[in-house]
Amino acid sequence: MSKTAMGASQKDFESAVNQMKLLKKDPGNEVKLKLYAHYKQATEGPCNTPKPGVFDLINKAKWDAWNALGNLPKETARQNYVDLVSGLSSSSDSSSQVKPEADRKQAGYETLVMTSEDGITKIMLNRPTKMNALTTQMYQEIMLALEAASKDDSTITVLTGNGSYFSSGNDLTNFVISPDELEERARRGAILLRDFVGCFIDFPKPLVAVVNGPAVGISVTILRLFDLVYASDRATFHTPFSHLGQTPEACSSYTFPSLMGPAKAAEMLIFGKKLTAAEACARGLVTEVFPDSTFQKEVWTRLKAYSKLPRNALRISKQMIRNHEKEKLHAINAEESRILQERWQSDECMNAIMNFLSRKAKL
Ligand SMILES: CCCC/C=C/CC(=O)SCCNC(=O)CCNC(=O)[C@H](O)C(C)(C)COP(=O)(O)OP(=O)(O)OC[C@H]1O[C@@H](n2cnc3c(N)ncnc32)[C@H](O)[C@@H]1OP(=O)(O)O
């Protein structure tokens, strides 16, 4: 089965299983349980063995982890297992099997492609088979990439997506955890979210979103923290937070009403109305919409011209526009992250995510 059609192939999976055997550093119990659960789900399907007794602690923890995956499809479990091992291998010295040159991403990023050319640093989300859904690793890599871009000698920084989507938002498998991990994971998720959004609030240079296709969730709300948002006319903008038992993030509870008025913001953030690119442009979320057939050519020509403008003048002007709001945005970001930490532990949220994972619900 090809990787493009169904995520990780059986060969990728077997290679990940072999890679695990070579791992020298113990990844810790939490990760080992997650690997175990996804391995069992990928090879045997949903957990249907009797629950071990309460004193059989190790086997009970393993059973809980596997059982928590519910009806997660085998293919998804296989892909998650491969993603997990790939994350471990990249941070371990046993990642001895160096990838072939052509396959290696620049500067050690696993989930992004980062390039710098003509005064423009481009950060491209690179999980096209998963619609660029944002994993924990990806949030971390984006923060690292932004940090590097803020210090390099480029004039403009661009975020875009590889493939048909800009991004489908938070990777819902981030929530695939056993119930006893939930509180701690929600706490860590809130810190990750606050730090991630904080990097955008503080980013010192002109930041441009090249929205190549549909955007969902946090990949929409974060756009108001960019200086320019160029969208293909194929792009859509969807924030289905209530459907997921969740609430707005990336300061959108403040920035969207101030941008488009509370009534239009409510339509998106409370009721999950999906906007076309033209509608998003009319509401001020998008700077300009281009026909998909000429999108890349027109946008990059424009950006290359902008990148020749005096670097410091651009940076200082951006900071003058943004500095008034910065403190307020950080406070809102902290509050939204705190509220989401609670939401992620709610039945409403867990049910919505299990429905997506078991393919009962899609946007
Ligand atoms: C720590 C910080 C937390 C910040 C919180 C942010 C909140 C949000 O971002 S909420 C938004 C969450 N996103 C979603 O609810 C989108 C869920 N995805 C979908 O509804 C659909 O996948 C789609 C409408 C985006 C695309 O549908 P389509 O039929 O075209 O393609 P699929 O076959 O569904 O997708 C291909 C492949 O990609 C996987 N995938 C896509 N999006 C996600 C996602 N957000 N999380 C996890 N996985 C996703 C999908 O499962 C498919 O995988 P398989 O091929 O392995 O089945």
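Author: In this predicted model, pLDDT is the predictor's confidence in each residue, from 0 to 100. Over residues 1-6, pLDDT stays under 50.

Reader: What contacts beyond four places in sequence does the model have for residues 1-6, and how many?

Author: The model has 10 such contacts for residues 1-6. Over residues 92-105, pLDDT likewise stays under 50, and there the model has 15 contacts beyond four places in sequence. Where pLDDT is low, the predicted coordinates should not be read in detail.

Reader: What is the mean pLDDT of the protein chain?

Author: The mean is 89, and 89% of the residues reach 70 or more. For the complex, the predictor gives an ipTM of 0.99 and a pTM of 0.76.

Reader: Why are helix 9 and helix 10 called oblique to each other?

Author: The axes of helix 9 (residues 252-260) and helix 10 (residues 262-269) cross at roughly 135 degrees. Angles over 145 count as roughly antiparallel and 65 to 115 as roughly perpendicular; the two helices are therefore oblique. Their axes come within 7 Å, and the crossing is right-handed.

Reader: Which residues make the contact?

Author: Helix 9 contributes Ser252, Ser253, Phe256, Pro257 and Met260, while helix 10 contributes Pro262, Lys264, Ala265, Met268 and Leu269. By class, 7 are nonpolar, 2 polar and 1 charged.

Reader: Which residues come nearest to the ligand?

Author: Of the 28 residues around the ligand, Ala133, Ser168, Gly169, Asn170 and Gly217 come nearest. Helix 5 (74-91) and helix 7 (182-202) are the elements that give two or more residues to this shell. The shell has 13 nonpolar, 10 polar and 5 charged residues.

Notes:
Residues are numbered from 1 along each chain as its sequence is written. This is a predicted model: local features need pLDDT of at least 70, side-chain atom pairs count only at pLDDT 80 or more; totals for chains, interfaces and linings use all residues. Axes are lines fitted to C-alpha atoms, for helices over the stretch in contact, and angles run from 0 to 180 degrees between N-to-C directions. Helices (H or I, at least four residues) and strands (E, at least two) are DSSP runs, numbered from the N terminus. Angles under 35 degrees count as roughly parallel, over 145 as roughly antiparallel, 65 to 115 as roughly perpendicular and the rest as oblique. A crossing is left-handed if the near helix is turned anticlockwise from the far one by less than a right angle, and right-handed if clockwise. Two residues are in contact if their C-beta atoms, placed from the backbone, lie within 7 Å. Ala, Val, Leu, Ile, Met, Phe, Trp, Tyr, Cys and Pro count as nonpolar, Asp, Glu, Lys and Arg as charged, and the others, Gly among them, as polar. A residue is near a molecule or strand if its C-beta atom, placed from the backbone, lies within 6 Å of it.
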